[in-house]
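Trainee: I am new to this structure. Could you walk me through how to read it?

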Amino acid sequence: MTEPDIYRLLVWVIFGLAGVTFLYLLRRPAPYGRHFPGSGWGPTVSGRAGWIGMESPAVFFFLFVYLEGSLKGSLLSLVFLAMWQGHYLNRTLIYPFRMRTGRRMPLVVAGSGFFFNMLNAYVNARFVSHLGEYPVSWLTNPCFLIGAAVFAGGIVLNVHSDGILRGLRKQGGTGYVVPDRGAFRHVSCPNYLGEILEWTGWAIATWSPGGLAFCVYTIANLVPRALSNHRWYRERFPDYPPSRRALIPGVF
C-alpha cells in the first residue's frame with residue numbers, strides 16, 4: 001500500500017470510531033469528570049495526569065509528523081500548525097493545571113484518548129505538511145477565510161466558557177454551581193459548542209479528509225456529552241432554567 005492508501009484507510013478508521021463513539025455515548029456517559037462513578041472501570045490515575053497523558057500526542061506527535069513533511073516550511077502549513085498548536089498547547093499544558101484537584105480518571109479512558117490522538121495527529125499533520133497542496137493564494141480562498149473565522153470564534157467561545165466554569169468552581173468550593181454568565185445563559189455546554197466550531201472551522205480551512213473526519217468525531221463525542229451534562233444539571237438543580245438548551249440555542 002502507498003502512503004495515500006494508508007492515509008485514506010486511517011481516515012475511514014476515524015469515521016468508524018466516530019460512529020461507535022456516538023452510539024455508545026448516547027447510552028452511557030464517558031466515565032470522567034462529573035460522570036465518573038468512582039469504581040467499576042479498573043485502575044485510575046489523577047484527572048490531571050490522565051488528561052495531560054491522553055492529550056500529549058496532539059502536541060508532540062503532531063509536531064513530529066509535521067516536521068517530517070516536505071511542505072513544513074510553506075506559509076499555509078505554518079498557519080495550520082499555529083492554529084492546531086494554539087488549541088492543543090492550551091488543552092494539554094495549561095488547562096489541566098486549572099482543573100479541580102482530587103478527581104480521578106480511569107486508565108482505560110486516558111489510554112483510549114491517547115490512541116485516538118496519535119491517530120488523529122498523524123492524519124491531520126501529514127496532510128497539512130505533506131499530502132495536501134496549499135498555494136499562497138489559498139489564504140484568500142473563501143474556504144480558508146470562512147474556516148479560519150469559525151475556528152477563531154470557536155476558540156474564543158471555548159476559552160471564555162472554561163474561564164466562567166473555573167470562576168464558579170472557586171465560588172462553589174467542592175460543589176457545583178449553575179453557571180449563568182456568557183453563553184451559559186443560552187446553553188448548558190458552550191465550551192463544547194466552541195470546540196465543535198473550532199474543528200468545523202479547521203475542516204473547512206484545511207479542506208482535508210482528516211479535518212472532516214476529526215470534525216465528525218468531535219461532534220460524535222461532544223453532542224452526547226452535552227446531552228448528558230444537560231440532563232445532569234436538570235436532575236441536580238430543580239430550578240435549572242427551563243429555556244436553556246444543551247448545546248445549540250433554541251434547538252437542543
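Mentor: Gladly! This is a predicted model, where local features need pLDDT of at least 70, side-chain atom pairs count only at pLDDT 80 or more, and totals for chains, interfaces and linings use all residues. Residues are numbered from 1 along each chain as its sequence is written, and side-chain values use heavy atoms, leaving out hydrogens and water.

Trainee: Is Met1 buried or exposed?

Mentor: Buried means under 20% relative accessible area, exposed over 50%, and partly exposed in between (1.4 Å probe, protein chains only). Met1 has 72% relative accessibility, so Met1 counts as exposed. Met1 is located in the segment before α1 (3–27).

Trainee: And how do Val45 and Phe144 count?

Mentor: Val45 is partly exposed, because its relative accessibility is 23%; Phe144, at 8%, is buried. Val45 belongs to strand β1 (residues 44–46), while Phe144 sits in helix α5 (residues 142–172). Helices (H or I, at least four residues) and strands (E, at least two) are DSSP runs, numbered from the N terminus.

Trainee: What describes two packed helices?

Mentor: The angle between their axes and the distance between the axes. Here, α2 (residues 47–67) and α4 (residues 107–131) pack at about 20°, with axes 8 Å apart. They are therefore roughly parallel to each other (angles under 35 degrees count as such).

Note on methods. Axes are lines fitted to C-alpha atoms, for helices over the stretch in contact, and angles run from 0 to 180 degrees between N-to-C directions. Angles under 35 degrees count as roughly parallel, over 145 as roughly antiparallel, 65 to 115 as roughly perpendicular and the rest as oblique.
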